[in-house]
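Welcome! Have a look at the model below, and then let us walk through it together, one region at a time.

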Amino acid sequence: MDFHVGTIGDLINSTACDRGARLSGEFLDALSAIDASGFSPAHPIRSAIAVAVVGDPELFVRSFRRHGVAELATSQTLDAVAATLKPTELKVAILAHAEDERRHSRMFAALANRAAPFAACGDDDNEWVLDIDRRFVETYNGDVIEFVSDLVAGEVRSFFYLQSYVEAIESARPAYAAKADTVLRQIIEDERRHIGYTAGYLDEWLRGGLDIRPSMAASFRNFDVVTWADVAATARHFMDRFEHRASGSTNAAWCSDSSRIAAVAIAKEG
Ligand SMILES: [Fe+2]
Ligand SMILES: [Fe+2]
């Protein structure tokens, strides 16, 4: 498996090759437009988050527990949407996909449990993750194109997340993450299949004259926003842990003016 897939287009194209399929030029152009629009799943900041998570047992356990709950939430959503579909190949594929995500949920939970003795953290309440999917199902409008677009974007996001975890684990090899890289590689193989079949439907619909591009662009934009929110949450976690908040001293505002600090540093260098 090529582990250094840098763009969405490269990744989706490689999953099409896995299936012995060729994507249409129109679909590849649409993917290039998404790559060029600023969504950068292989952004170095994602690797930085993975290194931070893998290097910290507490963050590792909390993140992997949450991934486990998110996988369970996705499986329930897939089941609910499949229930609205007529018996088609898509319905069968979505039900099989739900089964995979349920298995991933158990795999993430097992990895978190194995690491838990190394971390001083209690149970987190991850019910909010399930709530997001419950709300989605309650308000689902039956638009399969939008739903499959969201799946593609979500699966691509997972792929890049897991890829950066594996790279961080293989370089740091912390004891609490023993064998996690092997387990994550198994999950990645499934995620690649999920990208392959969902993107295959979007391409087929596009060839058939349906303009899937606005939905697909919106889905990737939405997941981009979530990724940046993850970056912010990880930064907040470290700020809270080390109580690195402005102290309230008279110089606090002056210190937190980064442009001024940079100016002072440059002046000193000069
Ligand atoms: Fe998954
Ligand atoms: Fe998946």
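## The loop between H7 and H8

Arg173 sits in the loop that links H7 and H8. This is a predicted model, so please read each value here as computed from it. Arg173 is not a glycine, yet its phi is positive, at about 45 degrees. Is Arg173 buried or exposed? Arg173 counts as exposed because it has 12 C-beta neighbours inside 10 Å, and a residue with 12 or fewer falls in that class.

Lys179 is found in the loop between H7 and H8 as well. Its phi is positive too, at about 70 degrees, although Lys179 is not a glycine. Lys179 is exposed because 11 other C-beta atoms lie within 10 Å.

## The overall build

Now step back to the whole protein chain. How many helices and strands does the protein chain have? There are 11 helices and 0 strands. Read from the N terminus, the elements run α-α-α-α-α-α-α-α-α-α-α.

The protein chain has 270 residues, and buried residues make up 33% of them. Contacts can also be sorted by how far apart the partners are in sequence. Among contacts between residues at least 6 apart in sequence, 80% join residues at least 24 apart.

## How H7 and H8 pair up

The axis of H7 comes within 8 Å of the axis of helix H8, which spans residues 180–207. These axes cross at roughly 155 degrees. Why are H7 and H8 called roughly antiparallel? Angles over 145 degrees count as roughly antiparallel, and H7 and H8 therefore belong to that class. Their crossing is left-handed. Sorted by class, the contact of H7 with H8 has 19 nonpolar, 5 polar and 6 charged residues.

## Phe159, a buried residue in H7

Phe159 has its place in helix H7, which covers residues 144–172. Phe159 is buried because 22 other C-beta atoms lie within 10 Å, and 20 or more are enough for that label. Which residues does Phe159 touch, not counting those up to four places away in sequence? They are Leu11, Ile188, Glu191, Arg192 and Ile195.

Sequence and space can be compared here. Phe159 and Glu189 are 30 residues apart in sequence, and from C-alpha to C-alpha they are 8.9 Å apart in space.

## Asp203, a buried residue in H8

Helix H8 holds Asp203. Asp203 counts as buried because it has 22 C-beta neighbours inside 10 Å. Leaving out residues up to four places away in sequence, Asp203 touches Leu23, Ser24 and Phe27.

## The nonpolar cores

The largest nonpolar core has 46 residues. Which of them touch the most other members? They are Val54, Val152, Val156 and Tyr165. The elements that each give two or more residues to this core are helix H1 (8–18), helix H2 (25–36), helix H3 (44–54), helix H4 (57–83), helix H5 (89–115), H7, H8 and helix H9 (213–241). H7 provides the largest share of this core, with 13 residues.

Setting aside its neighbours within four places in sequence, Val54 is in contact with Phe60, Tyr165, Ala168, Ile169, Ala172, Pro174 and Ala177. There is also a second, separate core of 5 residues, which includes Val69, Ala70, Leu72 and Ala73.

## Where H3 meets H9

Our last stop is another pair of helices. H3 and H9 pack at an angle of about 40 degrees, and their axes are 11 Å apart. H3 and H9 are therefore oblique to each other, since an angle under 35 degrees would be needed to count as roughly parallel. The crossing of H3 and H9 is left-handed.

Which residues make this contact? H3 brings Ile45, Ile49 and Ala52, while H9 brings Asp230, Val231 and Thr234. By class, the residues of the contact of H3 with H9 divide into 4 nonpolar, 1 polar and 1 charged.

Conventions
Residues numbered from 1 in each chain as written. Chains lettered and ligands numbered in written order. Predicted model: local features only at pLDDT ≥ 70, side-chain atom pairs only at ≥ 80, totals over all residues. Helix = DSSP H or I, 4+ residues; strand = E, 2+ residues; numbered from the N terminus. Contact = placed C-beta atoms within 7 Å. Axes fitted to C-alpha atoms, helices over the stretch in contact; angles between N-to-C directions. Parallel < 35°, antiparallel > 145°, perpendicular 65-115°, else oblique. Left-handed = near helix turned anticlockwise from the far one by under 90°. Nonpolar A, V, L, I, M, F, W, Y, C, P; charged D, E, K, R; others polar. Core = buried A, V, L, I, M, F, W, Y, C linked by C-beta atoms within 7 Å.
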